Amino acid sequence: MAQSKTLIIYFSLSGNTKRAAEQLQRKLGADLYRLEPVQPYPQDYQEIITVGEAEKDHDRHPAIKQDWPDLSQYDEIAVGYPIWWGQPPMIIHSLFEQADFKGKTIMPFATSSSTPLSATLTVMRQLTRTAGATLTLDNLSSGGRC
Ligand SMILES: Cc1cc2nc3c(=O)[nH]c(=O)nc-3n(C[C@H](O)[C@H](O)[C@H](O)COP(=O)(O)O)c2cc1C
């Protein structure tokens, strides 16, 4: 029987998380899917800040395109995102609400200017638990279940 593959789902605006996801893809031999909002974010940095801040302040989870691969092929899903205001962006909430992650192992990874991945793990644990999945840092930099 073929071994189950890992799927990497990532969100990236300016390309840093995209590059991290591609590195991880090479390391894990995983499949790759870029998460995108239905309504694209603005190009202008200041406008991104305005839109992103409004989403955060109003707990608004943007509509997402839902053309990811059939998740039943994967036991492990790596979820990557840029850290926004010390947290995963609201689009990651949309992902956990719309995708069926029940029974999956979720491996988070993130890029930022300085905030560490660990700052986002309380939210990621909550999202993962609500989705009926398990959060792990195995295969990534830190190691260990959380
Ligand atoms: C709206 C917004 C909020 C951000 N908040 C933080 C933050 O709290 N901490 C941090 O270290 N970097 C923060 N950053 C920087 C991004 O996390 C960083 O540039 C990231 O690598 C961008 O990833 P991307 O190129 O995949 O979009 C923020 C950037 C944006 C646009």
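In this predicted model, strands β3 and β4 run parallel to each other and are paired over seven bridges. Within that pairing, Y81 has A110 of β4 as its bridge partner.

**Strand β4 and its crossovers**

- Strand β4 spans residues 105-111 and is mostly covered, with six of its seven residues buried.
- A right-handed β-α-β unit is formed by β3, α3 and β4.
- From β4 the chain passes through helix α4 (residues 121-130) to β5, and this β-α-β crossover is also right-handed.
- Strand β5 (residues 134-135) is parallel to β4 and is joined to it by two bridges.
- In the pairing of these strands, L135 of β5 stands opposite I106.

**Residue Y10**

- Y10 belongs to strand β1, which covers residues 5-10.
- Y10 counts as buried because it has 25 C-beta neighbours inside 10 Å, and the cut-off for a buried residue is 20 or more.
- Leaving aside residues up to four places away in sequence, Y10 touches T17, K18, A21, R34, L35, G80 and Y81.
- V123 is 113 residues from Y10 along the chain, and the C-alpha atoms of the two are separated by 16 Å.

**Helix α2 and residues with positive phi**

- Helix α2 comprises 13 residues (45-57) and reaches 18 Å from its first C-alpha to its last, close to the expected 18 Å.
- D59, which follows α2, has a positive phi near 50°, and D59 is a residue other than glycine.
- The loop that holds D59 lies between α2 and β3 (74-82).
- D59 counts as exposed because it has 8 C-beta neighbours inside 10 Å, where the cut-off is 12 or fewer.
- W85 is not a glycine, yet its phi is positive, at about 50°.
- W85 is placed in the loop between β3 and α3 (90-98).
- With 13 C-beta neighbours inside 10 Å, W85 counts as partly exposed.

Technical notes
Residues are numbered from 1 along each chain as its sequence is written. This is a predicted model: local features need pLDDT of at least 70, side-chain atom pairs count only at pLDDT 80 or more; totals for chains, interfaces and linings use all residues. Helices (H or I, at least four residues) and strands (E, at least two) are DSSP runs, numbered from the N terminus. The expected span of a helix is 1.5 Å times one less than its number of residues. Two residues are in contact if their C-beta atoms, placed from the backbone, lie within 7 Å. Two strands pair if DSSP finds at least two bridges between them. A crossover is right-handed if, with the strands pointing away from the viewer, the path from the first strand over the helix to the second runs clockwise.
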